[in-house]
Amino acid sequence: MFSRKLTIERIDAAGAAHRCAIAQIDNFAMRNFTNDAVYDDTLPIADGLLEVGLRVPLDRLCIDLEDWFRRKSYLAPGERLRVTEVAATLTQAQF
């Protein structure tokens, strides 16, 4: 079900990347907060790491996740999120 691994990073105003806290990602992934069934196939696994199923659209995830982070004040003005799919050849030990 969780066949893809993603990195979720906050890009600060200077362009530096920082992994988002698992608690922030988990807050978004909980259905009672997003109320969207498409995100049922998400599983936060560590700071900056999210596993998702094939039906989760990455472009929409990035937009919705950034919107959620802004509403929760997890992102400061001038910051943005970057969602990147990790190459399938990486193993869990390489994270």
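Student: Which residues have the most contacts inside the largest nonpolar core?

Tutor: In soluble globular proteins, nonpolar side chains tend to be buried together. A nonpolar core is a set of buried Ala, Val, Leu, Ile, Met, Phe, Trp, Tyr and Cys residues joined through side-chain atoms within 4.5 Å. Buried means under 20% relative accessible area, exposed over 50%, and partly exposed in between (1.4 Å probe, protein chains only). The largest such core here has 17 residues, and Leu6, Ile8, Leu50, Leu61, Leu65 and Phe69 have the most contacts inside it. Two or more residues come from each of β1 (4-11), α1 (22-29), β4 (49-52), α3 and β5. With four residues, α3 gives the most to this core.

Tutor: A word on the source: this is a predicted model, in which local features need pLDDT of at least 70 and side-chain atom pairs count only at pLDDT 80 or more, while totals for chains, interfaces and linings use all residues. Residues are numbered from 1 along each chain as its sequence is written, and side-chain values use heavy atoms, with hydrogens and water left out.

Student: How many helices and strands does the protein have?

Tutor: Helices (H or I, at least four residues) and strands (E, at least two) are DSSP runs, numbered from the N terminus. The protein has three helices and five strands, in the order β-β-α-α-β-β-α-β along the sequence.

Student: Which residues of α3 are buried, and which are exposed?

Tutor: An α-helix has 3.6 residues a turn, so residues three or four places apart point the same way. In α3, the buried residues are Leu61, Leu65, Glu66, Trp68 and Phe69. They cover an arc of only 160° around the axis, which puts them on the same side of α3; the arc is that of the directions from the helix axis to the C-beta atoms. Asp59, Ile63 and Arg71 are exposed on the other side of α3.

Student: What does phenylalanine 69 touch?

Tutor: Contact means heavy atoms within 4.5 Å. Leaving out residues up to four places away in sequence, phenylalanine 69 touches Cys20, Gln24, Ile25, Tyr74, Leu75 and Leu81.

Student: Where is glutamate 79, and is its residue buried or exposed?

Tutor: Glutamate 79 lies in the loop between α3 and β5 (80-85), and its relative accessible area of 13% makes it buried. A polar contact is a pair of N or O atoms within 3.5 Å; within protein, one must be able to donate a hydrogen and the other to accept it, and residues adjacent in sequence count only if both atoms are side-chain atoms. The side chain of glutamate 79 makes such a contact with the side chain of arginine 10 (2.6 Å) and reaches the backbone nitrogen of alanine 76 at 2.7 Å.
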